[in-house]
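Let us go through some of the terms used for this protein and ask what each of them rests on.

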2 protein chains.
Amino acid sequence: MKQKRFILQESEIPTQWYNVQAEMPNKVLPFKNPGTGEKMGPEDLYPIFAKECCNQELNQKDTWINIPEPIREKYAYYRCTPLVRAYGLEEALDTPAHIYFKNESVNPLGSHKINSALAQAYYLKQEGITNVTTETGAGQWGAALSYAAKLFGLEAAVYQVKISYEQKPYRRSVMQLFGAQVTPSPSMSTKFGRRILTDFPNHQGSLGTAISEALELAMSTPNCKYSLGSVLNHVCLHQTVIGLEAEKQMAMAGEYPDEVIACFGGGSNFCGIALPFLRHNFNGSRHTRFTAVEPTACPKLTKGKFDYDFGDEGCMTPLIPMYTLGHDFRPSNIHAGGLRYHGAGAIVSQLLKDGFIEAMDAEQLEVFKAAELFAKSEGIVPAPESSHAIYGVIQRALECKKTGEKKVILFNLSGHGLIDMTAYDDYMSGNMVNTTL
Amino acid sequence: MKQKRFILQESEIPTQWYNVQAEMPNKVLPFKNPGTGEKMGPEDLYPIFAKECCNQELNQKDTWINIPEPIREKYAYYRCTPLVRAYGLEEALDTPAHIYFKNESVNPLGSHKINSALAQAYYLKQEGITNVTTETGAGQWGAALSYAAKLFGLEAAVYQVKISYEQKPYRRSVMQLFGAQVTPSPSMSTKFGRRILTDFPNHQGSLGTAISEALELAMSTPNCKYSLGSVLNHVCLHQTVIGLEAEKQMAMAGEYPDEVIACFGGGSNFCGIALPFLRHNFNGSRHTRFTAVEPTACPKLTKGKFDYDFGDEGCMTPLIPMYTLGHDFRPSNIHAGGLRYHGAGAIVSQLLKDGFIEAMDAEQLEVFKAAELFAKSEGIVPAPESSHAIYGVIQRALECKKTGEKKVILFNLSGHGLIDMTAYDDYMSGNMVNTTL
């Protein structure tokens with residue numbers, strides 16, 4: 001019997017995260033204070049995030065950062081996740097390529113977001129914080145943080161992008177079941193929300209707006225900090241458990257990826273799978289190609305510009321060096337709510353600028369066709385976000401079919417789509433349209 | 001770090017199912033032809049089910065039945081599933097008991113039903129059948145069969161109990177994504193459905209009704225057979241992979257269960273976890289206690305009578321020796337759609353009659369309280385059905401707290417509840433009521 005899944009024992013959960021910042025040839029540029037234009041240090045971020053996360057955010061020195069045991073203990077609730085050989089998809093495509101995916105969907109909340117949520121909740125609890133706020137798009141991050149907050153004894157308040165709040169009511173229910181307060185954004189509960197709703201009464205929400213509201217709530221609430229699910233360097237750091245496990249598992253399969261592919265919203269799942277492999281490219285020992293797949297409707301990597309910009313619509317964050325479509329960019333209402341963000345994290349932006357990674361964009365309808373093929377051949381209903389990666393994989397695998405190359409393609413299945421069935425209903429009804437810029 | 005999950009490699013997927021029928025002290029009574037009252041042989045069932053399943057159904061000779069390699073290959077898409085120590089739940093209950101669960105929710109469709117769906121679809125395909133019909137309650141079985149049919153190249157038609165079709169639209173979408181035809185039952189597409197709807201225009205559906213419709217469609221369609229997701233002996237047989245794996249994993253944990261608990265609809269997940277352990281009770285080498293937990297609203301084990309009865313409302317099946325509430329019993333609309341069946345499978349019925357297993361019933365509101373506690377302590381949103389098992393576990397664990405006994409309790413988490421969030425909304429809204437007889 002051909003081996004389908006490559007499984008690691010709990011004892012093989014990584015003990016350290018990989019901090020790419022220490023090894024990047026060109027370092028990530030500093031965050032800047034929007035008022036003074038001055039470079040920011042970790043302590044400037046302390047009022048917003050867990051202190052340890054701020055230290056990690058700007059750490060360009062330590063290649064490996066220890067994972068505290070209490071976090072590893074919670075990782076053990078679902079890690080290590082399986083690496084899977086996609087024989088079914090290979091057959092459906094009739095490709096000589098070998099396709100593997102890291103299945104991050106097999107955890108209690110169904111997406112990779114939990115890997116950083118647990119770390120952030122732990123560090124907040126450690127420093128005596130009692131309340132945490134955040135934003136969420138499709139709800140994967142909000143659900144993960146609600147869960148992590150409950151496990152570590154924090155109260156959570158989540159601003160969910162209004163269009164997703166309405167399109168995906170199940171994720172709201174999941175957050176509420178874990179005890180979180182969930183508010184559709186823009187809302188009347190913050191000054192910024194009220195301003196937006198006054199100017200644009202039908203505003204459907206965006207991650208940039210929800211971040212502003214969550215930040216405002218955190219800064220105006222005692223003993224409360226804010227937590228972000230993507231974009232930032234420390235979030236990408238926490239996600240490297242994905243790639244570190246995958247590297248061991250690829251070795252179990254006796255292969256090494258020629259291509260690594262992930263969907264792209266702010267960078268967390270892409271960095272998670274890519275960075276641990278990318279490090280072998282830095283010293284030239286490997287020549288893997290890395291591709292981030294973003295929606296055509298929100299193409300910061302393929303059509304944005306590299307510049308300092310705010311991370312939120314309300315201009316409350318530091319200025320971040322990023323590929324951006326502008327902090328006031330309003331993406332159309334694609335179903336992949338988690339990819340509707342105007343900018344790319346600083347690490348990915350620098351790596352793209354320096355040619356270490358590539359980007360491609362994908363139209364919504366093509367993405368759902370890819371998702372359907374994957375569901376029917378591998379039996380897993382992928383999240384609309386993750387389906388962007390599948391789209392990219394299919395392009396590469398079909399190239400291999402033309403050339404006859406037996407490339408090894410690895411992608412990250414960042415989440416399942418069982419709570420996104422309204423999106424599939426839209427697709428199956430034949431009503432789905434491509435939403436371009 | 002305390003070990004949380006016990007993981008088997010793919011190579012340890014069982015190669016044989018355990019056929020309890022060969023070892024039961026009192027054999028299961030024969031099925032009877034309702035017209036003649038005569039005992040039925042396998043060939044009498046051939047027009048309905050896959051021939052190999054009919055042979056398995058009445059096999060009281062072979063203790064072990066080989067699992068064909070093509071089925072094991074598909075099992076490898078998600079098996080072996082983890083055995084998990086529920087430290088979080090233990091802590092929340094402050095119990096000295098050691099609680100373990102077999103996590104059957106971590107497969108692409110989120111419930112154990114897939115274990116038999118793959119086997120049945122394989123056998124149907126092998127004998128040249130092209131179409132399969134079935135019924136489904138909450139949709140777990142229908143989704144599993146739709147998936148298995150797609151993997152093995154069969155066309156599937158599913159009758160879904162109307163109340164679940166409306167309460168759980170996501171499962172319908174999942175079935176449709178896998179290419180199945182889904183019809184709410186009772187429907188106007190069968191003679192039986194039309195008769196029911198004429199007499200009871202507001203009939204909310206039941207498994208018994210949906211079975212009749214699916215059977216009628218199968219018998220009136222060329223090259224089409226019927227497939228059932230629970231109750232029958234061959235379905236229970238296929239599910240024994242759960243307990244066989246769990247037995248190895250309990251040994252990895254250095255323990256053996258004093259208590260085995262599962263929810264109960266028709267018997268498939270209960271048999272799956274229980275029978276491989278029960279065999280050690282037969283010869284007296286172990287003394288494990290087995291408890292099936294059923295809803296108070298559908299209490300065939302605790303309040304039904306042991307008798308020959310039909311498996312469906314339309315009286316199309318053979319007569320089955322079972323604990324039954326009567327084939328025309330109409331359960332109230334509890335959220336655990338998969339447990340709304342009037343009868344218990346023949347194996348479980350005989351075992352209960354002979355005192356090898358026990359049953360308890362649980363009120364809906366208490367079940368959801370148990371589910372909430374489990375979600376908050378273990379991070380997994382359990383299916384409403386599986387939450388009945390959790391309710392039972394909590395009762396036993398609290399008994400241990402009183403007595404100080406360090407009992408080892410094992411239960412089957414037969415599925416997750418991420419597609420059942422409307423049920424949780426009902427619970428969280430405070431509107432949920434207990435629906436007794």
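Q: What stands opposite B:I320 of β13(B) in this predicted model?
A: In this predicted model, the residue that stands opposite B:I320 in β13(B) is B:D309.

Q: Why are β12(B) and β13(B) called paired strands?
A: Two strands pair if there are at least two bridges between them. Six bridges join β12(B), residues 305–310, to β13(B), so the pair meets the requirement of at least two. The two strands run antiparallel.

Q: What makes strand β13 of chain B count as mostly covered?
A: A residue is called buried when its relative accessible area is under 20%, and six of the six residues of β13(B), which spans 319–324, are buried. B:L319, B:P321 and B:Y323 point one way from the strand while B:I320, B:M322 and B:T324 point the other way, and all are buried.

Q: Why is the link between A:K168 and A:D420 called a salt bridge?
A: The term requires a side-chain nitrogen of Lys or Arg within 4 Å of a carboxyl oxygen of Asp or Glu. For A:K168 and A:D420 the closest N and O atoms are 2.6 Å apart, which is within 4 Å, and therefore the pair qualifies.

Q: How do you know that domain 1 and domain 2 of chain A touch, and where are they?
A: Domain 1 of chain A covers 5–12 + 72–107 + 234–429, and domain 2 covers 112–232. Contact means heavy atoms within 4.5 Å, and by this rule 44 residues of domain 1 of chain A are in contact with 42 residues of domain 2 of chain A. The area buried between these two domains is about 3400 Å², of which carbon and sulfur atoms give 57%. A:K74, A:M316 and A:I419 supply 18% of the area that domain 1 of chain A buries against domain 2 of chain A, more than any other three residues. The count between the two domains is two salt bridges, and 26 residue pairs are in polar contact across their interface.

Q: What makes chain A and chain B count as being in contact, and how many salt bridges lie between them?
A: With heavy atoms within 4.5 Å as the cut-off, 51 residues of chain A are in contact with 51 residues of chain B. The two chains bury about 4500 Å² between them, 64% of it on carbon and sulfur atoms. In chain A, A:M1, A:Y170 and A:L177 lose the most area to chain B, together 19% of what that side buries. The salt bridge count between the chains is zero, whereas 12 residue pairs are in polar contact across this interface.

How values were computed:
Residues numbered from 1 in each chain as written. Chains lettered and ligands numbered in written order. Predicted model: local features only at pLDDT ≥ 70, side-chain atom pairs only at ≥ 80, totals over all residues. Heavy atoms only, no water. Buried < 20%, exposed > 50% of the residue type's maximum accessible area, 1.4 Å probe, protein only. Helix = DSSP H or I, 4+ residues; strand = E, 2+ residues; numbered from the N terminus. Domains from an automatic or database assignment. Buried area = accessible area lost by both parts, 1.4 Å probe. Polar contact = N/O pair within 3.5 Å; in protein donor to acceptor, adjacent residues only side chain to side chain.
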